[in-house]
Amino acid sequence: MKGGRKNLKRAVEEQSLTLSDGHSIMQVLSLRGSNLIEVMDAQGEKSLALFPAKFSKSMWIKRGSFVVVDASEKDKVLESGGKVACIVSQVLFFEQVRALRKSPEWPEIFKSTVSDEPCGSLKGHTSKQEENENDNEHDSSDDDGLPPLEANMNRMRPSEWQSEAESDSDTDSGPDS
């Protein structure tokens, strides 16, 4: 392992995080490809950020993740006509987000987006699934709770095949006799 990756992983493992001048916490809105991500800052402004290549095989981000970006020259870049306004300097993991949320450095706009539990979004989906299952119990007579299977249109049914073969044989035998 190269020295750069060792230092990168060591920096990630640190729990304490202090923001220096020009650094801010932003939320990932979408991944644009080729190391570009769309982020939203504390004021609700959207901008493009560069995800450096040094993070490419050691850290992964997804929509809704939080990152620390260096936005010190954001205004200069936007005035000059550039589209990429900031550079990601660190990816925040769940433990770091939980610790930062208690500090005054955490933006107010993001306080409502973070749940107390890491699986909080999964619980919302399970309650919706339970409601759907309760609705489907009245509709279906099966106790397994599974939806009915759709017909496979790529294959012919054997019963149709046999009935067609019999009708063909009946028509062939009729004129010969």
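**Close-up views of a predicted model**

**View 1. Strand β2 and its partner β1.** In this predicted model, Q27 stands opposite M40 in β2. The strands β1 and β2 pair in the antiparallel sense, over 5 bridges. Their hairpin has 2 residues between the strands. There, S34 takes a positive phi near 45 degrees.

**View 2. The other partner of β2.** Strand β3 (residues 46-50) runs antiparallel to β2, joined by 5 bridges. I37 stands opposite A49 in β3. This hairpin has 5 residues between the strands, and G44 takes a positive phi near 90 degrees. Of the 5 residues of β2, 4 are buried, so the strand is largely enclosed by the rest of the structure.

**View 3. The largest nonpolar core.** This core holds 15 residues. The members touching the most others are I37, V39, I61, V67, V69, C86 and V88. Two or more residues come from each of β1 (23-33), β2, β4 (66-70) and β5 (84-92). β5 gives the most, with 3 residues. Apart from this core lies another, of 10 residues, among them L17, F66, V68 and F110.

**View 4. Surroundings of C86.** Beyond four places in sequence, C86 is in contact with M26, V39, S47, L48, A49, L50, V69, D70 and A71.

**View 5. Confidence along the chain.** Mean pLDDT is 74 for the chain, and 62% of residues reach 70 or more. Where pLDDT is low, predicted coordinates should not be read in detail.

How values were computed:
Residues are numbered from 1 along each chain as its sequence is written. This is a predicted model: local features need pLDDT of at least 70, side-chain atom pairs count only at pLDDT 80 or more; totals for chains, interfaces and linings use all residues. Side-chain values use heavy atoms; hydrogens and water are left out. pLDDT is the predictor's confidence in each residue, from 0 to 100. A nonpolar core is a set of buried Ala, Val, Leu, Ile, Met, Phe, Trp, Tyr and Cys residues joined through side-chain atoms within 4.5 Å. Buried means under 20% relative accessible area, exposed over 50%, partly exposed in between (1.4 Å probe, protein chains only). Contact means heavy atoms within 4.5 Å. Two strands pair if DSSP finds at least two bridges between them.
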